[in-house]
Amino acid sequence: MATTRLTYRRRNPYNTRSNKVRVVKTPGGKLQYQHLKKRGSPPKCGDCGIKLPGVPALRPREYATISRPKKTVQRAYGGSRCSGCVKDRVVRAFLIEEQKIVKKVLKESQQKKR
């Protein structure tokens, strides 16, 4: 009968986040530890914090190896802000500009009255 006790295959002997393993059976029928990589966390919107759709969840160094279209979306603030927050920014900027125009018109009408 094969032994069920397994030992780590790397130098770190502790059960830490960076030393996660999984038990696999080799073609020879032995059980052995297979070291796992950490999962990537998805990029999140800088305003509201939801994860950005269309951008893969990778480890930080892996973003250097994938192409630019896979890291962003084709939109203003793509890959940085979600569509809802971008829409809010556009509407807010438009309303601020409108408010400036209204103030200017009111000021001119006040000048004409005097």
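User: Which residues does R59 touch, not counting residues up to four places away in sequence?

Analyst: Please keep in mind that this is a predicted model. R59 has its place in the loop between β2 (31–35) and α1 (68–71), and it is partly exposed, with a relative accessible area of 31%. Once residues up to four places away in sequence are set aside, the residues that R59 touches are K38, R39 and G40.

User: How far apart in space are R59 and H35, C-alpha to C-alpha?

Analyst: H35 is 24 residues away from R59 in sequence. Taken from C-alpha to C-alpha, the separation of R59 and H35 in space is 16 Å.

User: In what order do the elements of the protein chain run from the N terminus on?

Analyst: The secondary structure of the protein chain comes to two helices and two strands. Read from the N terminus on, these elements follow one another as β-β-α-α.

User: Which residues form the largest nonpolar core?

Analyst: One of the residues in this core is C45, which, leaving aside its neighbours within four places in sequence, is in contact with I50, L52, S80, R81, C82 and C85. Another member of the core, C85, is buried, with a relative accessible area of 10%.

User: How many disulfides does the count come to?

Analyst: A disulfide is a covalent bond between the sulfur atoms of two cysteines, and the rule applied here asks for two cysteine sulfur atoms within 2.5 Å. The closest cysteine sulfur to that of C48 belongs to C82 and is 3.6 Å away, which is too far for a bond. C85 is likewise in no disulfide, since its nearest cysteine sulfur, that of C82, is 3.5 Å away. By this rule the number of disulfides is zero.

User: Which residue lies over the face of Y77?

Analyst: The distance to look at here is the one from the ring centre of Y77, and it comes to 4.7 Å. The residue that lies over this face is R89.

Terms used: Residues numbered from 1 in each chain as written. Predicted model: local features only at pLDDT ≥ 70, side-chain atom pairs only at ≥ 80, totals over all residues. Heavy atoms only, no water. Core = buried A, V, L, I, M, F, W, Y, C linked by side-chain atoms within 4.5 Å. Buried < 20%, exposed > 50% of the residue type's maximum accessible area, 1.4 Å probe, protein only. Contact = heavy atoms within 4.5 Å. Lys NZ or Arg CZ within 6 Å of the ring centre and 35° of its normal. Helix = DSSP H or I, 4+ residues; strand = E, 2+ residues; numbered from the N terminus.
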